[in-house]
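Dear colleague,

Please find below the structure that I am handing over to you, together with its sequence. My findings follow directly after it.

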Amino acid sequence: MNQQQTNRYYLTVDFGSQSLRAQVFNAQGDCLAKITVGDFEYQRYQGGQVNQHVSWFYKTFVSAVKQLAMQLTPLSLSLTDIDKMTITCMRNTFIALDEQGKPVDKAIVWQDNKDAQRVPKLNVFYRTLFTIANLFYPLNKSIRQLQQQAAINKFCERVNDAHLRIDKVCLLGGYLHYQLTDDLVDSSASTISHLPLNFKSGTWQPLWHWYYQALAVKPKWLPRLCPSGAVIGRPTIAAQQQIGLSAGCDVIAGGADKVMEMLGSGCYRSGDVHISLGSAVSVSVLTDKFIGAKPFFPAFPFVVKGLYCTEIMLDYGMLVISDFIASYRAHLKRLCLTSKWNTAEHALTDASAGKYEISDSELLSDLDNRLLLGKLDAGYHFDLTGYAKSRNFNTNLQRINGYSQADLPVNETQYVYQYKAILDSLAEHIGIALERLKHRLKLSNINLYVSGGGANSCYLLTAIEQTAKATIAATCKDQAGCRGAAIFLAYQDHQYASLEQAIRAFKK
């Protein structure tokens, strides 16, 4: 710890899929204030299209930070005391701006799974090259998927004359930096998307690269990139007035949400394995080798130069649990209340149940306790991949031995079986992904770290350890992204000689 600079304060913001988390830390690792703004709803359309008004993101950011400021007042602090801040965001949320810096259209959120149908055509040279290469390794299908899933291709297909009106494109982090500093800059460790990035060098690909053939993007549209830890700028006068930050606050380039979660969980060494149990579940290995999860796929940059994240993301993450709660909340509420009531003395009616407010966390805690204490038949399987396509719980829950769902108990306890099957399926998919990464990177012994809301489920953690055949070294159940961002800021601020020292200080 640097003894000469102890009164240093850091603002970290984690803009996730379902909520925004903001925290203020001091250099000693103490969280002085925190706030969560959640239950985000996006504009969803038939076919899987997911959008959001671009202005909504910055308004949400400003509102959250201003609410955070009120918690600092009793500590005789304010946002003007913040020395450095950084923003970590959900990845691949795409925004296009015109010459005036205004949105061309709504943002495409990463959950969007409506593929582009009309994609750019590669020139003769690359078509010939990939046709030959495809004889030895199936590349053409992967290239086609990349083109169809790329947000820039979707945007240009959906928005009339988009190519005529676009002046710049960026991801969510870059847009927030632009609103704060009036400079469209993003961290190379945040640019995890279908854009022409050289993931190894952290720079845009040269103009001859085939990405510019496959993606409907012009080089002049791309924002400036900088390495993690660089000073992007300082708040403009308008941002100072809107939020309350000082003119001397440095806005620091950070990393993508999963990267900061890794750091907040304790990962900083090559070989560390991280499981993120957030809306999207990912399994990542931190490595000093630039090796993707499969051939011809990149690894992602970490916030420390020379380290990369080799990652596999599941088709569906903990968002399936949110869907589960939303679909069966009334039944789960009644089930939860039976744990609180002596039903032999009190009849649990719909009227009496309606008097009690039960949070989603209470519902999940009750389900988790039932799984840990009860003896349930393990003969049910949930098809997680099938659910990602159909969004239907009933048709994706089946007896492993071939019997139908009719074998389930005909009461509220059937949802306990379904919940267990979902968690078992998640653990199974995580185990498969981990084995693929261990084989790919030739790993034997691993240090396993877990973060995200799913880490609150003791049953899921136990199931992960069983399927991974490894003991979890540490879990960060709450706001690992903000913590990781604060660790990074303190290290970049030279308050600690190493990341390891900073991690230890911020874990107290």
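In this predicted model, helix H16 (residues 480–492) packs with helix H17 (residues 499–506) at an angle of about 130°, and their axes are 9 Å apart. The two helices are therefore oblique to each other, and the crossing of H16 and H17 is right-handed. On the side of H16, the contact is made by Arg483, Ala486, Ile487, Ala490 and Tyr491, and H17 contributes Leu499, Ala502, Ile503 and Phe506. Sorted by class, the contact of H16 with H17 has 8 nonpolar residues, 1 charged residue and no polar ones.

A further helix pair is formed by H14 (residues 414–441) and H15 (residues 458–468), whose axes come within 8 Å and cross at roughly 35°. The crossing of H14 and H15 is right-handed. Residues of H14 in this contact include Lys420, Leu423, Asp424, Glu428 and Leu434, while those of H15 include Tyr459, Leu460, Ile464 and Thr467. By class, the contact of H14 with H15 has 10 nonpolar, 2 polar and 3 charged residues.

I also looked at one residue individually. Asn51 is located in strand S5 (residues 49–52). With a relative accessibility of 7%, Asn51 counts as buried, because the cut-off for that class is under 20%. A polar atom of the Asn51 side chain lies 3.4 Å from the backbone oxygen of Ala107. Apart from neighbours within four places in sequence, Asn51 is in contact with Tyr42, Gln43, Tyr45, Lys106, Ala107, Ile108, Val109 and Arg158.

With kind regards

Technical notes
Residues are numbered from 1 along each chain as its sequence is written. This is a predicted model: local features need pLDDT of at least 70, side-chain atom pairs count only at pLDDT 80 or more; totals for chains, interfaces and linings use all residues. Side-chain values use heavy atoms; hydrogens and water are left out. Axes are lines fitted to C-alpha atoms, for helices over the stretch in contact, and angles run from 0 to 180 degrees between N-to-C directions. Helices (H or I, at least four residues) and strands (E, at least two) are DSSP runs, numbered from the N terminus. Angles under 35 degrees count as roughly parallel, over 145 as roughly antiparallel, 65 to 115 as roughly perpendicular and the rest as oblique. A crossing is left-handed if the near helix is turned anticlockwise from the far one by less than a right angle, and right-handed if clockwise. Contact means heavy atoms within 4.5 Å. Ala, Val, Leu, Ile, Met, Phe, Trp, Tyr, Cys and Pro count as nonpolar, Asp, Glu, Lys and Arg as charged, and the others, Gly among them, as polar. Buried means under 20% relative accessible area, exposed over 50%, partly exposed in between (1.4 Å probe, protein chains only). A polar contact is a pair of N or O atoms within 3.5 Å; within protein, one must be able to donate a hydrogen and the other to accept it, and residues adjacent in sequence count only if both atoms are side-chain atoms.
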